[in-house]
Amino acid sequence: MIREFGKPEGLEVVDLPVPVPGPGEVRIAPEAIGVGGVDAVIRRGTVAGHGFQEGHLLGSEVAGRVTAVGEGVIASWEGRRVWAFTGLSGGYAEEAVAAVDNVLPLPDGLTGADAVTLGGSGVVAHFALARAHFAPGESVLVRGAAGSIGITAVQLAARGGAGAVAVTTSSAERGARLRELGATHILDRAGEGEGDGEGGGKDRGEGFDVIVDIAGGPRLPHFLDMLRPNGRFLAVGIVAGQPPADFGARLLDRFRSSLSFATFSADTVPGPDQQAVRSAQFAEAARGELRTVVHEVLPLDRAAEAHRAMDAGTVFGRIVLAP
Ligand SMILES: NC(=O)c1ccc[n+]([C@@H]2O[C@H](COP(=O)([O-])OP(=O)(O)OC[C@H]3O[C@@H](n4cnc5c(N)ncnc54)[C@H](OP(=O)(O)O)[C@@H]3O)[C@@H](O)[C@H]2O)c1
């Protein structure tokens, strides 16, 4: 749990009673727990104003076996291997509870680590592109592409027939890995082409039809300038912090370009729609058609180490905890 907002050292291992699933819930013994960028954002206190408090038990997605069912849940769930969204808390645990509506059986051939790498983030990538009305032939920039949302967004844009799939990333080595996943242009975090010898910020010229932005932060306004006329900017994450309060002025400066800025949260996508996309993505991942990148699997009691790696920026893909 988060004893103190801020550094990873503020995370503490605590003993808590085994949770009892309430009506409509199941209890799961996780074999894998996803460590998402959102966990780091909560731990740092970035979103403390949104009701997160010290004492919070982190973890929003797990994969494992159902060990108990609550009132009103069909008993046949017990013993099944599932992925589950635990609702922004309670996942970093030896026993976790989730609403049965947020649980999905795992297909054979999909590891728990793969499931928690794709489960939450894949739907964000899918619906962000859909919300941006991305169409084949359009150019896409994924900003902050080296995390699990970005890695899926790059693959979906590439196989959706994007004219170009640019990414921002912090090193040529990470850029090369993203290129293997479908990126065509590698930019640095400032949006400049670097180290790839082709394309990039300066030569890109025309800008992008769609920007899926996982980073946010002080540089966000600069990326608004990279939109083509009729371009759509989708803010899905804030791993670099909040953008400047006056960022909207950049859009108004280019009023005649008909630009759009939207925030996007998967929370506004109906649960059954999310589950349908997730189920299809799990099947694709099990068949090897959609790639997941598990950076490392660490024991649960080394959660602080996982967060140190997140803060150090050494994670490519997703860190997974295993009880
Ligand atoms: N919209 C939704 O429904 C939804 C759902 C879940 C999570 N989220 C949000 O999505 C974010 C997490 O996504 P994720 O797990 O895919 O991300 P992540 O793994 O935490 O980060 C993605 C990448 O961003 C880059 N990055 C880190 N700091 C940066 C900085 N200061 N400036 C520019 N780039 C930076 C890093 O790559 P490089 O080092 O290669 O640059 C990093 O690998 C969180 O903000 C979370 O709240 C949104």
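## Close-up views of a predicted model

View 1. Helices α1 (37-44), α2 (112-131) and α3 (148-159) each supply at least two residues of the shell around the ligand. Helices here are DSSP runs of H or I with at least four residues, strands are runs of E with at least two, and both are numbered from the N terminus. This is a predicted model, in which local features need pLDDT of at least 70, side-chain atom pairs count only at pLDDT 80 or more, and totals for chains, interfaces and linings use all residues. Residues are numbered from 1 along each chain as its sequence is written. In total, 30 residues surround the ligand, and the closest are Gly37, Gly144, Gly147, Gly237 and Ala240. A residue is near a molecule or strand if its C-beta atom, placed from the backbone, lies within 6 Å of it. The shell divides into 13 nonpolar, 15 polar and two charged residues. Here Ala, Val, Leu, Ile, Met, Phe, Trp, Tyr, Cys and Pro count as nonpolar, Asp, Glu, Lys and Arg as charged, and the others, Gly among them, as polar.

**View 2. Follow helix α2 along its length.** The 20 residues of α2 should span 28 Å at 1.5 Å a residue, and its end C-alpha atoms are 29 Å apart, which agrees. The expected span is 1.5 Å times one less than the number of residues. Look for the bend of about 35 degrees at serine 121; the bend is the angle between axes fitted to the seven residues ending there and the seven starting there. Because 18 of its 20 residues are buried, α2 is largely enclosed by the rest of the structure. A residue is buried if 20 or more other C-beta atoms lie within 10 Å of its own, exposed if 12 or fewer, and partly exposed in between, with C-beta atoms placed from the backbone. After α2 comes histidine 133, whose phi is positive, near 55 degrees.

**View 3. Helix α3 is mostly covered.** With 12 residues, α3 reaches 17 Å from its first C-alpha to its last, close to the 16 Å expected at 1.5 Å a residue. Of its 12 residues, 10 are buried, including Ser148, Ile151 and Leu156. What lies over these buried residues? The cover includes α2, β6 (139-143), β7 (164-168), α4 (172-180), β9 (208-213) and β13 (318-322). Glycine 161 follows α3 and has a positive phi, near 85 degrees.

**View 4. Two residues have a positive phi without being glycine.** Most residues other than glycine have a negative phi. Leucine 88, in the loop between β3 (81-85) and β4 (96-99), has a phi near 65 degrees. It counts as buried, with 21 C-beta neighbours inside 10 Å. Is asparagine 230 buried or exposed? Asparagine 230 counts as exposed, with 12 C-beta neighbours inside 10 Å. This asparagine is in strand β10 (residues 227-235), and its positive phi is about 70 degrees.

View 5. Valine 69 lies in strand β2 (residues 61-69) and counts as partly exposed, with 18 C-beta neighbours inside 10 Å. Leaving aside neighbours within four places in sequence, valine 69 is in contact with Pro21, Val26, Ala75, Trp77 and Glu78. Isoleucine 319, in strand β13, is buried, with 28 other C-beta atoms within 10 Å. The C-alpha atoms of isoleucine 319 and threonine 117 are separated by 8.1 Å, although these residues are 202 residues apart along the chain. Not counting residues up to four places away in sequence, isoleucine 319 touches Val35, His295, Glu296, Leu298, Ala306, Ala309 and Met310.

Methods:
Contact = placed C-beta atoms within 7 Å.
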